[in-house]
Amino acid sequence: IDSENGLIFEYDWVHKQGNTTFVGKQIISDKKKIKKLYKIKGILKPTDHTNALKIEWTFDGYPLIRCWGQLDITTLEIIGTYTQNGSIERHFKGKRSDALIPDMSGSWQTVDSENGSTFKYNWIHKQGNTTFVGKQTNGDYIINGMLKPTTDTNALKIEWTFDDFPLVLCWGQLDITKMQIFGKYTQDNNKSERSFSGKRI
């Protein structure tokens, strides 16, 4: 997460315990459709602190982009710096997604803030994953959802769509400590928005 503007960057890393190198991809996605995958190569080095490693990674085909910093191996958090043009440096913080995104599986209920209509869901999700699937049990409608970290470690951005109703979209913010959602939904491609609240039941 960029410390100045809050931009979020997601990665999928491949690493074997004990190795000083790792590889992976930076994933740029939009509404479950992956737009671009940028290949990266990284290196880990010991420091004077037993709980910390130096970390650095670069992007294949983009030699001026470089990320580096310190990785806390107990909390799996990174504090670092990156540059996109070889000169201007920006700061970021990072954390492994399984620490940021808990398991959201189970029964959920949303309530329309205006008319009190309730909708029940059953979600299937694995800790750390940025996507989930499920059904709205009122009508057995299949849904596909996405979770994204925010600058608040206790909150996630959440969004889901319906396979049978492409114009219906639900989105909002999920409090992972209270398992509550405050959001909006539209039934006609964003022409009119309605508010809702939700919680795991």
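Which residues have the most contacts inside the largest nonpolar core? They are Met104, Trp123, Trp160 and Leu174, in a core of 21 residues. The model is a predicted one, where local features need pLDDT of at least 70, side-chain atom pairs count only at pLDDT 80 or more, and totals for chains, interfaces and linings use all residues. Residues are numbered from 1 along each chain as its sequence is written, and side-chain values use heavy atoms, with hydrogens and water left out.

**Nonpolar cores**

- A nonpolar core here is a set of buried Ala, Val, Leu, Ile, Met, Phe, Trp, Tyr and Cys residues joined through side-chain atoms within 4.5 Å; buried means under 20% relative accessible area, exposed over 50%, and partly exposed in between (1.4 Å probe, protein chains only).
- Helices (H or I, at least four residues) and strands (E, at least two) are DSSP runs, numbered from the N terminus.
- Strand 12 supplies the largest share of this core, four residues.
- A second, separate core has 11 residues, including Phe59, Cys67, Leu71 and Phe92.
- Leaving aside residues up to four places away in sequence, Met104 touches Trp123, His125, Leu147, Leu156, Leu174, Ile176, Met179 and Arg200 (contact means heavy atoms within 4.5 Å).

**The largest pocket**

- The largest pocket holds about 1,300 Å³ of space. On a 1 Å grid over the protein atoms alone, a cavity is a set of points where a 1.4 Å probe fits but cannot get out, while a pocket is an open set with protein on both sides within 12 Å along at least five of seven lines; lining residues have an atom within 4 Å of a point. Grid points are joined across faces, edges and corners, and the volume is the space filled by probe spheres set on the points.
- Its lining has 46 residues, with Tyr11, Trp13, Ile78, Lys95 and Arg96 nearest the centre.
- Among the elements giving two or more residues to that lining are strand 6 (77-83), strand 7 (89-95) and helix 1 (97-100), while strand 1 gives the most, with five residues.
- By type, the lining divides into 27 nonpolar, 11 polar and eight charged residues (Ala, Val, Leu, Ile, Met, Phe, Trp, Tyr, Cys and Pro count as nonpolar, Asp, Glu, Lys and Arg as charged, and the others, Gly among them, as polar).

- Glu77 forms a salt bridge with Lys95, the closest N and O atoms being 3.4 Å apart (a side-chain nitrogen of Lys or Arg within 4 Å of a carboxyl oxygen of Asp or Glu). This pair links Glu77 in strand 6 to Lys95 in strand 7, 18 residues apart.
- Both partners are partly exposed, Glu77 at 34% and Lys95 at 33%.
- Gly94, also found in strand 7, touches Leu76, Glu77 and Ile78, not counting residues up to four places away in sequence. The C-alpha atoms of Gly94 and Glu77 are separated by 5.5 Å.

**Other salt bridges**

- The structure holds eight salt bridges.
- Glu4 pairs with Arg90 at 3.8 Å between the closest N and O atoms. Glu4 lies in the segment before strand 1 and Arg90 in strand 7, so the pair ties together parts 86 residues apart in sequence.
- Asp2, Glu4 and Arg90 are linked in a network of salt bridges.
- Asp112 and Arg194 meet at 2.9 Å, N to O; Asp112 is buried at 2%, whereas Arg194 is partly exposed at 24%.
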